[in-house]
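Please open the structure in your viewer and follow the stops below in order, selecting each residue or element as it is named.

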Amino acid sequence: MSKIKTLTRQHGLSLGLLVFTIIYASGIPRIRSLFDEGSVGTKFLPQLLVIITLSCLVIIILRDMKTADGAREEELQKSGSSAKPLVLFVATLAYIALFKSAGFLIATFLFSYSVLCLFSHSNKKLIVRASIAAAITGLAYLLFAVAFGTHLNIYPVGF
Amino acid sequence: MEFFADILGGFHAVLTPYNFAFMVGGFLIGTFFGAVPGLTSVLAIALLLPITYSIDVTPALIMCASIFMAGMYAGSITATTINIPGAPSSMMTAIEGNALMKQGQGANALGHAALGSMVGGTVGALLLILLMPLAAELTLLIRTPGKFSLIMFALVVIVLVQRDDVPKAIVATTLGMMVGTIGIDVMQPVPRFSYGTSALVQGIDMMPVIIGVFAIAELMTQIHARPSDISAAELKKVADKLKRRDFIPPLSEIREIGLFGYLKAACIGYSIGLLPGVGGSMAAFVAYADAKRTAKPKDNFGKGSRRGIAVAESANNAMCGGAFVPMLMFGIPGDPTTAIVLGVLVINGIQPGAKLVETQAHLIAPMFVSLLLSALILIPLTLFLLGPLFIRIVSIPRAILYAGIAVVAMVGCYVATFSIFQMALAALFGLFAYYLRRGGYPVVSLLLGFILGPNLELYLRRSLDLSDGSPLVFLSSPDSLFFIALAFVFVYMMEIRPRQLAKKSPQSP
């Protein structure tokens with residue numbers, strides 16, 4: 001079990017890309033062709049890309065396996081934990097989900113507040129962060145809605 | 001001749017108050033993003049991309065050009081003063097500039113960096129303007145098989161410049177090309193890789209890719225960066241030490257570097273700019289290495305060489321001019337910034353190619369003029385007026401900067417497309433690019449693969465269609481053969497030869 005964990009941790013990205021390539025490849029048989037173009041048709045480049053990518057990924061995985069585990073582990077440590085970036089990703093998705101339903105003002109305020117919290121190393125008071133988030137929201141509104149005349153739903157749906 | 005008349009018209013366009021404000025505004029934004037470590041001019045232009053939907057193409061291109069030039073130069077400010085290159089292209093400047101700073105000659109180092117940038121940027125912009133009609137003529141000689149081989153050559157260069165890890169560069173490029181194949185086929189009206197969703201039938205727009213790869217992924221990467229150890233008080237002290245009069249380098253020092261030194265570095269930078277995917281860092285490095293190779297002991301390389309600063313800055317700013325040539329003529333971006341500028345052109349319905357110079361020169365001429373004026377006037381002026389101020393911007397709390405960037409990136413993405421789906425795609429591409437960066441995959445290759453992939457496929461299939469499926473068309477067409485030979489030369493020079501030399505050289509104990 002721990003071997004699988006180590007393998008996933010050290011080669012997770014390469015394995016993930018391998019899965020991505022396989023999902024991509026699964027779409028190739030579904031590509032249709034309206035007229036015959038010979039061997040270089042609608043499927044040719046995707047097939048070639050899959051072959052090249054898989055070959056290179058195998059090379060990368062085999063090469064990484066040869067690298068001492070300690071060195072790989074050190075490399076991973078250096079790049080830091082991916083927990084915070086994942087939180088940022090979730091916050092971004094939440095922002096996108098709330099963008100229309102909660103309206104520009106509330107969604108943007110909450111999003112900028114969460115990004116402020118993620119990047120802050122100091123223990124700023126809640127009120128200070130909230131004021132900064134409000135200022136960022138206001139400036140973004142001024143930039144997009146006022147300066148560039150874009151229509152943004154500022155209030156929640158049905159408000 | 002008509003083109004040069006358009007250039008004169010470009011001066012007129014840039015000097016109208018509205019466009020002039022965009023040029024100056026762009027320059028200040030570029031300087032800000034270039035000077036703050038962790039922010040780059042690429043990020044600035046990526047954030048600007050959605051805004052270009054709301055403004056005319058001329059001010060958008062003027063702004064892009066001034067951001068590009070400013071971002072390339074501004075990295076030298078923090079590189080010199082606090083030894084943190086604001087942009088990767090200022091790495092060489094950090095070595096020499098900070099050594100001078102420690103000797104109490106920081107203002108002098110900044111002056112040399114600005115002068116080098118000014119000369120290099122001006123030469124690059126002038127070469128771009130003067131050689132553009134010739135480049136357009138040459139472009140007409142390249143037929144469909146030649147265009148395929150040219151893009152193939154570009155992809156070879158993009159992969160080879162990532163010398164640290166070629167397999168990863170290949171994977172990043174092919175991943176970009178895979179993303180580029182999603183949507184309607186380039187030759188037939190059939191969807192590919194839509195997986196039953198109508199949203200993917202239209203294909204993936206350049207906007208979410210750019211915002212994701214250069215803004216969201218950058219934010220995710222910067223979460224780990226520690227705040228600068230230098231306090232605001234220390235930065236103020238550094239800024240106070242710099243006297244404006246010391247920004248002007250003495251004539252004797254300029255003479256020592258020599259006009260030839262500046263021009264040679266600028267030509268190196270411009271030539272490197274012509275190559276796809278290489279960028280300012282390589283330009284600065286090659287010019288610096290060349291100057292170091294021929295240096296005299298008094299040049300003091302590594303210990304505060306003014307020549308080192310001048311050539312590195314001259315080369316990276318001259319690169320800006322060169323990078324526009326393949327982008328405007330073939331749609332092959334020379335670096336990430338021009339890749340985004342290409343996005344601005346495409347969004348506004350401007351197609352790269354020789355016809356651009358013939359029929360739409362009035363649209364690109366103001367951009368060239370903006371590049372020239374930014375180098376010639378704004379670089380020295382900004383240093384003189386705002387130099388000490390830009391040192392202090394490092395002390396701006398990162399949290400505020402990044403929260404603002406995150407909001408501008410996401411709202412910008414919505415404003416440009418009015419699509420929640422495109423916003424979600426930007427977030428997904430951001431996460432994808434973040435993990436790629438973490439794993440040592442070059443994300444610039446991903447973007448360039450995404451941009452070049454569809455054209456590569458189009459020209460390949462068109463060529464074969466025209467030659468009844470015979471692949472010999474790529475060898476029988478002189479232009480195609482030229483680019484294939486060039487690709488082999490690059491593979492030999494950058495991959496095979498260094499390995500042969502490494503084998504021959506005696507092993508170190």
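Begin by selecting B:Ala315 in this predicted model, and then show its contacts: leaving aside residues up to four places away in sequence, B:Ala315 touches B:Gly120, B:Ala265, B:Ala266, B:Ile268, B:Gly269, B:Ala283, B:Ala284, B:Val286 and B:Ala287. B:Ala315 also belongs to the largest nonpolar core, a set of 213 residues in which B:Ala315, B:Ala46, B:Cys64 and B:Ala287 have the most contacts. Helix α4 of chain B, residues 57–82, gives the most to this core, with 16 residues.

Stay with that helix and select B:Met72, which is found in α4 of chain B. Is B:Met72 buried or exposed? B:Met72 is buried, because 36 other C-beta atoms lie within 10 Å, where 20 or more are enough to count as buried. Once residues up to four places away in sequence are set aside, B:Met72 touches B:Gly34, B:Ser41, B:Ala87, B:Ser89, B:Gly280, B:Asn316, B:Asn317 and B:Cys320. If you then draw a distance from B:Met72 to B:Phe11, which is 61 residues apart from it along the chain, the two C-alpha atoms are separated by 22 Å.

Next, go to the loop between β2 (191–192) and α9 (198–201) of chain B, where B:Phe193 is found. The phi of B:Phe193 is near 55 degrees, a positive value in a residue other than glycine, and B:Phe193 counts as buried because it has 22 C-beta neighbours inside 10 Å. B:Tyr195 is partly exposed, with 14 other C-beta atoms within 10 Å. Most residues other than glycine have a negative phi.

Now turn to the place where the chains meet: 51 residues of chain A are in contact with 51 residues of chain B. On the chain A side, the elements that give two or more residues are α1 (2–26), α2 (44–66), α4 (83–101), α5 (104–119) and α6 (126–147), and α4(A) gives the most, with ten residues. By class, this side of chain A has 33 nonpolar, 14 polar and four charged residues.

Finish on α5(A), whose 16 residues should span 22 Å at 1.5 Å a residue, which agrees with the 22 Å between its end C-alpha atoms. Its buried residues include A:Phe104, A:Phe109, A:Tyr113 and A:Phe119, and what covers the buried residues of α5(A) includes α4 and α6 of chain A together with α19 (398–417) of chain B.

Definitions and conventions. Residues are numbered from 1 along each chain as its sequence is written. Chains are lettered from A and ligands numbered from 1 in the order in which they are written. This is a predicted model: local features need pLDDT of at least 70, side-chain atom pairs count only at pLDDT 80 or more; totals for chains, interfaces and linings use all residues. Two residues are in contact if their C-beta atoms, placed from the backbone, lie within 7 Å. Helices (H or I, at least four residues) and strands (E, at least two) are DSSP runs, numbered from the N terminus. Ala, Val, Leu, Ile, Met, Phe, Trp, Tyr, Cys and Pro count as nonpolar, Asp, Glu, Lys and Arg as charged, and the others, Gly among them, as polar. The expected span of a helix is 1.5 Å times one less than its number of residues. A residue is buried if 20 or more other C-beta atoms lie within 10 Å of its own, exposed if 12 or fewer, and partly exposed in between; C-beta atoms are placed from the backbone. A nonpolar core is a set of buried Ala, Val, Leu, Ile, Met, Phe, Trp, Tyr and Cys residues joined through C-beta atoms within 7 Å.
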